[in-house]
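This report concerns chain interfaces and aromatic ring pairs. The sequence and the structure are shown first.

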Protein chains: 4
Amino acid sequence: MKIAFLGLGTMGLPMAANLVNAGYAVRGWNRSPAPAAKLATLGAQIAATPDEAADDADVLISMLADDAATRAAVLDAGALAVLKPGAIHVNMATVSVALAEELAARHRVQGVGYVAAPVLGRVNVAEAGQLNILAAGEARALAAVQPLFDVLGQKTWHMGERPEQANAAKLTVNFMIASAIGTMGEAVALAQGHGVDKAGFLQLVTSTVFAAPVYKGYGQAIADERFEPAGFKLSLGLKDVRLALEAAEQVHVPLPLASALRDTHIESLAHGEGHLDWAALSRSSARRAGQA
Amino acid sequence: MKIAFLGLGTMGLPMAANLVNAGYAVRGWNRSPAPAAKLATLGAQIAATPDEAADDADVLISMLADDAATRAAVLDAGALAVLKPGAIHVNMATVSVALAEELAARHRVQGVGYVAAPVLGRVNVAEAGQLNILAAGEARALAAVQPLFDVLGQKTWHMGERPEQANAAKLTVNFMIASAIGTMGEAVALAQGHGVDKAGFLQLVTSTVFAAPVYKGYGQAIADERFEPAGFKLSLGLKDVRLALEAAEQVHVPLPLASALRDTHIESLAHGEGHLDWAALSRSSARRAGQA
Amino acid sequence: MKIAFLGLGTMGLPMAANLVNAGYAVRGWNRSPAPAAKLATLGAQIAATPDEAADDADVLISMLADDAATRAAVLDAGALAVLKPGAIHVNMATVSVALAEELAARHRVQGVGYVAAPVLGRVNVAEAGQLNILAAGEARALAAVQPLFDVLGQKTWHMGERPEQANAAKLTVNFMIASAIGTMGEAVALAQGHGVDKAGFLQLVTSTVFAAPVYKGYGQAIADERFEPAGFKLSLGLKDVRLALEAAEQVHVPLPLASALRDTHIESLAHGEGHLDWAALSRSSARRAGQA
Amino acid sequence: MKIAFLGLGTMGLPMAANLVNAGYAVRGWNRSPAPAAKLATLGAQIAATPDEAADDADVLISMLADDAATRAAVLDAGALAVLKPGAIHVNMATVSVALAEELAARHRVQGVGYVAAPVLGRVNVAEAGQLNILAAGEARALAAVQPLFDVLGQKTWHMGERPEQANAAKLTVNFMIASAIGTMGEAVALAQGHGVDKAGFLQLVTSTVFAAPVYKGYGQAIADERFEPAGFKLSLGLKDVRLALEAAEQVHVPLPLASALRDTHIESLAHGEGHLDWAALSRSSARRAGQA
């Protein structure tokens, strides 16, 4: 099975590396050359362009930054165009539902399978091959790429037969994370308004009823007011909340909490905080209360 | 140390029982007589009125339903009035910040200590003596009642020297729980709007990034659409969100997420769902999307 | 017909004066003596206490600052207690629905009529006897005091048979005014974000689709950034939005726009702007956008 | 001066007719032929395609339904491509700020002027030549087309030198209208919750503090529950609120009221009410309160 891998960023590189290490023949491409060079040291082939990478591949995996980067590599640069009938494209990036639908249609026309498989987990989880993979697409295509998922992740969660369902699910998860962060931001503003120690309060909640990874991680950053370097940029959080709202509007689902969160993100950007870690969303809650 | 215990409801009774079993002399009172009779079988004394219970007590513990019930027993029925100087009142109920401030002032005038110590944990946790206790008050008073907290809970979290700080913290936690439930409600509406299976999606998130007790518990109820019997009534959730908003307004802290959640609770009440479990909040999100 | 008039503030004084000038025997009371002295120069009697004013009155009119002032004069200071059976109390202040209900019940017990009649219009309108009066109460009581309304206002609008209905209506109007101001605040922030001149934009909208008094007045203040002296204080606007939300919660009506407006008011207070004119609400919208 | 006019819908047809009647040489185009036939009876030329209409025109006026229709006619169908250097395109439709920016750039490249001039006013106002025109663009281009604006409208309001500023202003106005409607919806739900007559309440407010065209018109529709035929469809209202939110996000302006309104519109669509008049937005407020 020949694998093409587009996008060797912080997530893509360790994922591709795991596939190489598992014995797969991988031909990688990245817009900037440095990460590709690293992958080459493990024994992967390197392509100069997306279509060169995709040429003759059985499976094309893409893990690109956003809709625009995906569109540029897969459509404009011709990676899809060169895929042979029966090949499968596995898009593991967090893209919009609308793009997923468009891509699914285009692949269908060309006789190429299309699987959406966005992931949960940060870089260290990707390195360990312990991602949680949200996958959707036709059953046969899903079955065909499951061995690859077994290399990349600890578990594959099937979200449906239409690829965009996995993207809808991923965006929903990210909205939930935004809500957890935004809620901690408001909670801390309220607690501090009454003179309750921020760190002590967060220690309490993240040790008890909210003892979950997302609360612990972002809660610690809020307690420490440590927003750089960004693990996940606030501006990317806004993008995902926006995509969740768009996905919801498409199927007529009102999301008042997501709407309020979108406003808070925009307020953060208005104050030059888009480059900070997502946890910095809490600053807007503090600012509104005159605490910052 | 003689202990008076006002309020032997689903939480108060096991808490009082644990104190009796730990060897403390407890005189209990409850508005309706049945729970008091149960406590008597363990060896506790029973009082016919709040002031009879409080008479000559070293520590008065109250665990009453809300502000009104607390006011009725402690102020109107004279429990505070009969407390001797140097006694300590430990109010473990979830009451408003405003009432906590008023009670603190009244106790001070009378030379009686006042400690606020609301708890985290449901009935089974109370029975096991494993509550998390959020305590605030003067250091000496807190130290004096710590042995009782050691019987009732697994850990005591100090929230400050002013009693109302513990109530502010407790209300903040309950707002966070409301937000978690409300967020799951919107998330499920979005996922379902795209045909993603509700139960599968909730299984995913509560097994991974949201693997916390509050998400697992309420998530299961949402997945199963099982809202009766109510573990914690939606109408009580509204009361706590309202108290959190009042506590926030008092110190000029805007809480847009809490405001949106309050609206959702009210919508649930408008549809006759106030008696259902808090998880039923998700129904309003579904209804708005035309899914219910 | 002997009239007692409680509350001779900026609104109450010209209203009472109009009644004196129309030939009614008026006995006035005010917490601070200066306004009462002014009324006396027109020929009114002055009382030292609310109950002295109300003694032997056929109609008691109250126009006090808020719930607390009303409660203090009418209940605590005994104005209601001295009213004779068959007398009518006309409460023209903007008070809560809850207080209106409580007062209606207490008056009923005492055999005294109770009419709620809050007004629309500022001081100059009160002086001109051109107020719009929102009245509710029993038909007979309304008919009995209509001649007084004819002196005070240009038109009486009947809102129902239960007095609190007039208060609900008045609070609803004030919520609508808050929404108009808050909407202009957001609109101006958006227009300015694109470099559109604030004053020019407001001139456009208040000359065309929004050519209404409330838009013109507050729009001018926003265009000029002239928030002092306050025609109506922002902090009082918050009070009325809060009372509208409470009135709505009582009958299970969610008001997401009112909730968002409440948050904006609180944010203004957090930045020390509660004493400014209601139009200063626009500052919070500008601040969120990093424009202020 | 030869004028090409693209889009002869309910608004475009009377506008084009007024230009013909004022003596201008107009060549019209419409996607469906019937309206063009009507225009022809007045003496206008009719073109079969957008580029045929635009060929050799001095001024191209477009009044198309939305971004997509504008893009299709002006870009895809080649109307812009055939314009001669020095010609001016006046886009009077309500389109997105993003499209305005893109079109301005494309016209600049081609040496063609681009003026954005969306309008306020319904069909009867267009027929009477009494529109309010919000215009933005380079001063010279604005001056050149002012004689046309004098035919079409009662007043031209300059919003800036960048065309998109007029679109931002128009979308801001439409957000304000949405807010007025949404506010009336919540107000009526609150008033009705207390048994206050809906029609009476709306009569009161639209005769006094909200005596403005937009309140009177939509208020009457709400009072009568008359939502068909739609003067302006609710689904188009959602589009404009969305475009306002996008325009705001672009310049980092949070709009919580607009966000809440967007949710209410989506809820209306979820209940199959998108084809109704914008005033039907009030139904969602009633539904949330269990009144519908």
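## Basis of the report

The model is predicted. The values given below are computed from its atoms.

## Interface of chain A and chain B

Between chain A and chain B, 59 residues on the side of chain A are in contact with 59 residues of chain B. The area buried between these two chains is about 5000 Å², and carbon and sulfur atoms carry 77% of it. In terms of specific interactions, the count of salt bridges between chain A and chain B is zero, whereas 14 residue pairs are in polar contact, with both residues at pLDDT 80 or more.

Several elements of chain A each supply at least two residues of the side that touches chain B. They are strand 8 (131-136), strand 9 (153-160), helix 9 (164-193), helix 10 (198-207), helix 11 (213-224), helix 12 (234-250) and helix 13 (256-270). Helix 9 of chain A gives the largest share of that side, 19 residues. Sorted by class, the side of chain A that touches chain B holds 41 nonpolar, 15 polar and three charged residues.

## Interface of chain B and chain C

Chain B and chain C meet through 17 residues of chain B in contact with 17 residues of chain C. Together they bury about 1400 Å², of which 52% is on carbon and sulfur atoms. On the side of chain B, the residues that lose the most area to chain C are Glu249(B), His252(B) and Asp263(B), which together make up 39% of what that side buries.

Four salt bridges are found across the interface of chain B and chain C. In one salt bridge, the side chains of Arg242(B) and Glu249(C) meet at 2.6 Å, N to O. Polar contacts between chain B and chain C number 10 residue pairs, both residues being at pLDDT 80 or more. Helix 12 (234-250) and helix 13 (256-270) of chain B each contribute at least two residues to the side that touches chain C. The largest share of that side, eight residues, comes from helix 13 of chain B. The class composition of the side of chain B that touches chain C is nine nonpolar, two polar and six charged residues.

## Aromatic pairs

A pair of aromatic rings is described by the distance of the centres and the angle of the planes. Over all chains, the count comes to 18 aromatic pairs. For Phe210(C) and Tyr215(D), the ring centres are 6.4 Å apart and the planes lie at 75°, so this pair is edge-to-face. Phe210(C) is in the loop between helix 10 (198-207) and helix 11 (213-224) of chain C, while Tyr215(D) is in helix 11 (residues 213-224) of chain D; the pair therefore joins two chains. Phe210(C) and Tyr215(D) are both buried.

Tyr215(D) also pairs with Phe210(D). The centres of these rings are 4.7 Å apart and their planes are at 40°, so the pair is classed as tilted. Phe210(D) has a relative accessible area of 0% and is buried. Tyr215(D), at 1% relative accessibility, counts as buried because the cut-off for that class is under 20%. In chains A and B, ring pairs link Phe210(A), Tyr215(A), Phe210(B) and Tyr215(B) into a cluster.

Terms used
Residues are numbered from 1 along each chain as its sequence is written. Chains are lettered from A and ligands numbered from 1 in the order in which they are written. This is a predicted model: local features need pLDDT of at least 70, side-chain atom pairs count only at pLDDT 80 or more; totals for chains, interfaces and linings use all residues. Side-chain values use heavy atoms; hydrogens and water are left out. Contact means heavy atoms within 4.5 Å. Buried area is the accessible area (1.4 Å probe) that two parts lose on being put together, summed over both. A polar contact is a pair of N or O atoms within 3.5 Å; within protein, one must be able to donate a hydrogen and the other to accept it, and residues adjacent in sequence count only if both atoms are side-chain atoms. Helices (H or I, at least four residues) and strands (E, at least two) are DSSP runs, numbered from the N terminus. Ala, Val, Leu, Ile, Met, Phe, Trp, Tyr, Cys and Pro count as nonpolar, Asp, Glu, Lys and Arg as charged, and the others, Gly among them, as polar. Rings of Phe, Tyr and Trp (its six-membered ring) pair if their centres lie within 6.5 Å; planes under 30 degrees apart count as stacked, over 60 as edge-to-face and the rest as tilted. Buried means under 20% relative accessible area, exposed over 50%, partly exposed in between (1.4 Å probe, protein chains only).
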